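Subject: Handover of a two-chain model

Dear colleague,

Please find the structure below, followed by an account of what was found in it.

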Amino acid sequence: MFRGIISAVCVWLMVVAAHTGPSSASSEKIETLSITRPWARATPPRAQAAGGYLTIENSGAAPDMLVGVQSPIAGRVEIHEMRMESNIMIMRPVDGALEIPAGGALTLAPGGLHIMFMGLNQPFAEGSKVPVTLHFDKAGEVETFLDVMHLGATGPGQKTGSGGHGHGQ
Amino acid sequence: MSGIRIVRYAAWSVLALVLISASVVFWQWPDNPRIERVAVNAFGGPFTLTDQRGNTVTEAALKGQPSALFFGYTFCPDVCPTTLVEMSMWLEKLGPDADKLGVYFVTVDPERDTQELLAEYLTAFDPRITGLTGTPEAVGEIIEAYRVYAEKTPLDDGDYLMDHTSSIYLLDSDTAFTGTISYQEDPDTALAKLKRLANNS
């Protein structure tokens, strides 16, 4: 019964997504999870690695887990965490899943958690969109697109990100 | 009775805490300045590397001109390209002062960062940034000479990441260490440091 409702919502979302198209949706809403500010920086020529950033908000009453991430743009896509220890940059793959707490958010941003793309099949070109599929424990597969900003960008910019609209339902 | 006992316990606890804190301070305090002094004294040394244009670059290039030296690798998704972007912006803002500086991006990952890869990669940044690479032994020498931390972290499937020092080293025209610009340093401070470096030598 519950599952039926969820499926119905999913189908409705797919219809909405098909109508609006990925490029017009700056934030994708999936049941209780919404993905905002998905972005990446353009890569220099021949770069084999890139970082991707986004925020996952959970408006639901139960936590969900981000268990994996995929993209056709790179041979290998993982969640990594970067940190500084006495001026040494340390980067490690995240072990296991990341929680999106009920009523909370999980933020992937420069200087910390990020989607790590390795073995790029093509460079991240400024102005393009990088498709990414996020795998959640409860919400399942969620597709989003990272807006590729300038090489020196510090955030997703004004025009493309999180205008607070898109809640047309 | 028990009130006095509590006071006595409290007094002993405070004393113990003070002693522990004092010993922690005692053990850590004298070490830091000493380590720093050793590092500064033993800073630098001979190296022979190749720049992105195929020219041989040795420690002689650092003499007679102040320089900014930083270490990284192209497989780095965040810190290294960001530092290169920032350095490019600072060089532009420095105007003519920028030409007084030697600016070097030294790879800590010579296996992947070949001369021809650096040649293409660095086209995204200010052309005054000289990329340096070489054999793993040659890169090992400069890493050791400049007290840089660089450590390989293997992933499965043969890929690897590098942990590395993220600061930019500032050297005067006698190749003496004069300071650093740390990752995410305030841009105005960083620019002021480079300006001072360019004009003080």
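In chain A, 69% of the contacts between residues at least 6 apart in sequence join residues at least 24 apart. Two residues are in contact if their C-beta atoms, placed from the backbone, lie within 7 Å. For chain B, the corresponding share is 67%.

Please note that this is a predicted model, in which local features need pLDDT of at least 70, side-chain atom pairs count only at pLDDT 80 or more, and totals for chains, interfaces and linings use all residues. Residues are numbered from 1 along each chain as its sequence is written, while chains are lettered from A and ligands numbered from 1 in the order in which they are written.

The two chains

Chain A contains 1 helix and 11 strands, and along its sequence these follow the pattern α-β-β-β-β-β-β-β-β-β-β-β. Chain B has 6 helices and 9 strands. Helices (H or I, at least four residues) and strands (E, at least two) are DSSP runs, numbered from the N terminus.

Of the 169 residues in chain A, 35% count as buried; of the 201 residues in chain B, the buried share is 34%. A residue is buried if 20 or more other C-beta atoms lie within 10 Å of its own, exposed if 12 or fewer, and partly exposed in between, with C-beta atoms placed from the backbone.

Residues of chain A

M116(A) is located in strand β9 of chain A, residues 113-120. This residue counts as buried because it has 27 C-beta neighbours inside 10 Å. M116(A) and A49(A) are 67 residues apart in sequence, yet their C-alpha atoms are 7.1 Å apart in space. Leaving aside residues up to four places away in sequence, M116(A) touches A49(A), G51(A), E78(A), I79(A) and H80(A), and also P77(B).

Most residues other than glycine have a negative phi. R37(A), in contrast, has a positive phi near 50 degrees, and R46(A) has a positive phi near 70 degrees. R37(A) belongs to strand β2 of chain A, residues 33-41, whereas R46(A) lies in the loop between β2 and β3 (49-58) of chain A. R37(A) is buried because 20 other C-beta atoms lie within 10 Å. R46(A) also counts as buried, because it has 20 C-beta neighbours inside 10 Å.

Where the chains meet

The contact between the chains takes 25 residues from chain B and 25 residues from chain A. On the side of chain B that touches chain A, α3, α4 (115-121) and β7 (160-165) each supply at least two residues. The largest share of that side, 4 residues, comes from β7(B). The residues on that side of chain B divide into 13 nonpolar, 8 polar and 4 charged. In this classification, Ala, Val, Leu, Ile, Met, Phe, Trp, Tyr, Cys and Pro count as nonpolar, Asp, Glu, Lys and Arg as charged, and the others, Gly among them, as polar.

Helix α3 of chain B

The 16 residues of α3(B) should span 22 Å at 1.5 Å a residue, and its end C-alpha atoms are 22 Å apart, which agrees. The expected span is 1.5 Å times one less than the number of residues in the helix. Helix α3(B) is mostly covered, as 12 of its 16 residues are buried; among them are V79(B), P81(B), M87(B) and L91(B).

C80(B) is found in this helix, α3 of chain B. C80(B) is buried because 28 other C-beta atoms lie within 10 Å. Not counting residues up to four places away in sequence, C80(B) touches G72(B), Y73(B) and T74(B). Just after α3(B), G95(B) takes a positive phi of about 65 degrees.

Which residues of α3(B) meet α6(B)? They are E86(B), W90(B), K93(B) and L94(B), and they meet P187(B), A190(B), L191(B), L194(B), K195(B) and A198(B) in α6(B). By class, this contact of α3(B) with α6(B) has 7 nonpolar, no polar and 3 charged residues.

Yours sincerely
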